[in-house]
Amino acid sequence: EISACLVGSEMCIRDRNIMEAYLKGVVSIGTDSMGEKNARTYMPLIATLGLIIFTANMMGIFPGFESVTANINFTLSLAIIVFVYYNYVGVKMNGFVKYFGHMMGPVPALAPLMFPIEIISHISRIISLSFRLFGGIRGDEMFVMVLLMIVPWILPLPGFFLLFAFGILQAFIFMILTYVYIAGSVMMAEEDH
């Protein structure tokens, strides 16, 4: 029992070290776009999204399973969560009038032109986030399926490696873009146009 407890504690320490390294990496991603203090503030959301997306992407590596992110409903849900959250944080930090007033442009005469463009820009972020993740993972899975049909034994192995690599990359891109969108809505006060 004592040796099992020691092995368990070593595993526990290793797992904790991996998680700490992951969280430090998430904070360092956000530090570039919004500073370390803000990156630490929004790290729980970004780290959770990263873990969920990574896990969902990795499901497709196992034969017989499909990645959850190969379903547009899942990726669209994640994108809507990010959209609602960064707009909520922007309104909370800057106030409703200032947040939406920022979308009117620098000159009041341009407001009728700039506001619709800004609204379309913000809505297109939902489409961009969801379809980038969905298309990347779905395309990779289809590529591996074709390889499995053509040559079922050795040739698909690089395809499975690509699934793994692109799964990590897609989670990383989603996390970076979420940080950038939150930074854009939070740091308006520091811009002073």
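Which residues in α5 meet which residues in α6? Let's start there, and keep in mind that this is a predicted model.

On the α5 side, we have R125, L129, R132, L133, G136, I137, D140, E141, F143, V144, L147 and L148. They meet P156, G159, F160, L162, L163, F166, G167, Q170, I173, F174, L177 and Y181 in α6. If you sort that contact by class, you get 16 nonpolar, four polar and four charged residues.

How do these two helices lie? Their axes come within 9 Å and cross at roughly 175°. Anything over 145 degrees counts as roughly antiparallel, so that's what we call α5 and α6.

Okay, now the cavity. Searching the whole structure turns up one cavity of 30 Å³ or more, and the space in the largest cavity is about 30 Å³. Its lining is made of L129, R132, L133, Q170, I173, F174 and L177. By class, the lining has five nonpolar residues, one polar and one charged.

Let's stay with α6, which spans residues 156–186, and bring in α3, residues 72–94. Here the packing angle is about 25°, and the axes are 8 Å apart. Under 35 degrees counts as roughly parallel, so α3 and α6 are roughly parallel to each other. The crossing, by the way, is right-handed. Who makes this contact? From α3 it's L78, A79, V82, Y85, Y86, V89, G90, M93 and N94, and from α6 it's F174, T178, Y181, I182, S185 and V186. That set splits into 11 nonpolar and four polar residues, with no charged ones.

We find F174 in the cavity lining, in the contact with α5 and in the contact with α3.

Last pair: α3 with α2, where α2 covers residues 36–58. The axes come within 12 Å and cross at roughly 175°, so α2 and α3 are roughly antiparallel. In α2, the residues involved are Y42, L45, L49, I52, I53 and A56, and they meet F74, L78, V82, Y85 and V89 in α3. What classes do we see there? The contact has 11 nonpolar residues, no polar and no charged.

To wrap up, α5 and α6 are roughly antiparallel, α3 and α6 are roughly parallel, and α2 and α3 are roughly antiparallel. Thanks, everyone!

Key: Residues numbered from 1 in each chain as written. Predicted model: local features only at pLDDT ≥ 70, side-chain atom pairs only at ≥ 80, totals over all residues. Heavy atoms only, no water. Axes fitted to C-alpha atoms, helices over the stretch in contact; angles between N-to-C directions. Helix = DSSP H or I, 4+ residues; strand = E, 2+ residues; numbered from the N terminus. Parallel < 35°, antiparallel > 145°, perpendicular 65-115°, else oblique. Left-handed = near helix turned anticlockwise from the far one by under 90°. Contact = heavy atoms within 4.5 Å. Nonpolar A, V, L, I, M, F, W, Y, C, P; charged D, E, K, R; others polar. 1 Å grid on protein atoms, 1.4 Å probe; cavity = no way out; pocket = protein on both sides within 12 Å on 5 of 7 lines; lining within 4 Å. Points joined across faces, edges and corners; volume = space filled by probe spheres on them.
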